[in-house]
Amino acid sequence: MDPVRALGSIAPAAALIIGLGVAPLARAQFIEGPYVAGGLGINYLDDAKFRLDSSLSQGMTALGQPNGGQLGFEYGGVGVLSLGWGFSNGIRLEIEGSFRSNEVDSANGAAGLAGPGGHGGRQDSYGLMGNALVDLVRIGPFLPYVGIGAGYLVTSFNDLNGRPGNGSLRLRSDDTGGAFAVQGIAGLGFVIDQVPGLTLTAEYRYLESLGPSIPVRYVNAAGATVLSGKADTESRNQSFLLGLRYAFNAPAATPAAVAAPVAARSFLIFFDWNRADLTARARQIIGEAAEAARAQPTRIEVAGHADRTGTPQYNLALSRRRAETVAEELIRRGIARQDISITALGETQPLVATADGVREPQNRRVEIILK
């Protein structure tokens, strides 16, 4: 196969990679530093046309046989292992080793391949590639990526054979050949945030090898070699893989921020006996409470109290009037009414315990609590 044509087939992908590499990339949690990746899956190997070299071609022509043919393959397995480095901006470079294997399921053309059931064996390939990839914009846990690669692919015929119906010649090969190869990659990563550095991957790969020459021979019914030479073949492979990628320098998962508890602040306003109006000092304290509430928006509780010089019912009503007076002053100083809750506690929670009927200034109070 013409190397220029093969490289041209992935030129659009190369242009995309270069364009993405130089364009500003959206911020995401891209890999920085070393990583390892691997995947397993299935591969589809296109029918491989082959042509015998000149020595074999002349011999086959003399025998009245075609000098080429075509092999078809079953779906096979594929495994890939990569070592790479991320540059924190989405661009990654990696070295990849791969293995693919496909059983022969059809053949036609050259002698020893045309008869019914006249074929067998498998094709294996071992690749060593250098890849350049770009991680695109992360969307939730999903991180799509694309890439291109180039390297060397060793193709091996294992017990490739034909069993002709006429008992004359059969094609045999149990050898290898290598050639330059290129590939394109499109994948989707699923980032596992609970395990820093770990990503599940699903990939599609297109791999094309530029015509390895593999030694083949023709043998007669007795197994003796009649002709030998090489077959120039081609390999176009499509693979679908599931795998894992692990980045070694991934930052530890950041725990969700938890708001630190805010200590409650309280302000005390005292009242004259049997009164619910505010003194100048009381207004000053309420102003300080309002300023503190504006500095850090919070819930405000206003609790009214009374001493034990009246009946419990009277003291409960008096404590409510005191709390409402304080709340009105807070509102006048810019605090929203819906941010204030009012509670009347009467004589039930004294600061100083007294007997019934005793006047106690510290029990005649309103407490402003900021929570």
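Helices (H or I, at least four residues) and strands (E, at least two) are DSSP runs, numbered from the N terminus. This is a predicted model, in which local features need pLDDT of at least 70 and side-chain atom pairs count only at pLDDT 80 or more, while totals for chains, interfaces and linings use all residues. Residues are numbered from 1 along each chain as its sequence is written, and side-chain values use heavy atoms, with hydrogens and water left out.

Figure 1. With a relative accessible area of 1%, H305 is buried (under 20% relative accessible area; exposed is over 50%, partly exposed in between; 1.4 Å probe, protein chains only). Residues up to four places away in sequence not counted, H305 touches S319, R322, L345, G346, Q349, N363, R364 and R365 (contact: heavy atoms within 4.5 Å).

**Figure 2. Helix α4 and its buried residues.** Helix α4 covers residues 280–295; its 16 residues should span 22 Å at 1.5 Å a residue, and the end C-alpha atoms are 23 Å apart, which agrees (expected span: 1.5 Å times one less than the number of residues). The buried residues of α4 are A282, I285, I286, G287, A289, A290, A292 and A293. An α-helix has 3.6 residues a turn, so residues three or four places apart point the same way. The packing partners of the buried α4 residues are β14 (265–270), β15, α5 and β17 (365–370).

Figure 3. R332 is placed in helix α5 and is exposed, its relative accessible area being 58%. G287 is buried in α4.

**Figure 4. A nonpolar surface patch that includes L188.** The patch is formed by V137, I139, F142, L188, F190, L200 and L244, which together have about 610 Å² of accessible area (Shrake-Rupley method, 1.4 Å probe; for residues, only the protein chains shown count as cover). Patch residues have over 30% relative accessible area and no salt bridge, with nonpolar side chains (Val, Leu, Ile, Met, Phe, Trp, Tyr) joined within 5 Å and like charges within 9 Å; a salt bridge is a side-chain nitrogen of Lys or Arg within 4 Å of a carboxyl oxygen of Asp or Glu. L188 is located in strand β9 (residues 176–191) and is partly exposed, at 39% relative accessibility.
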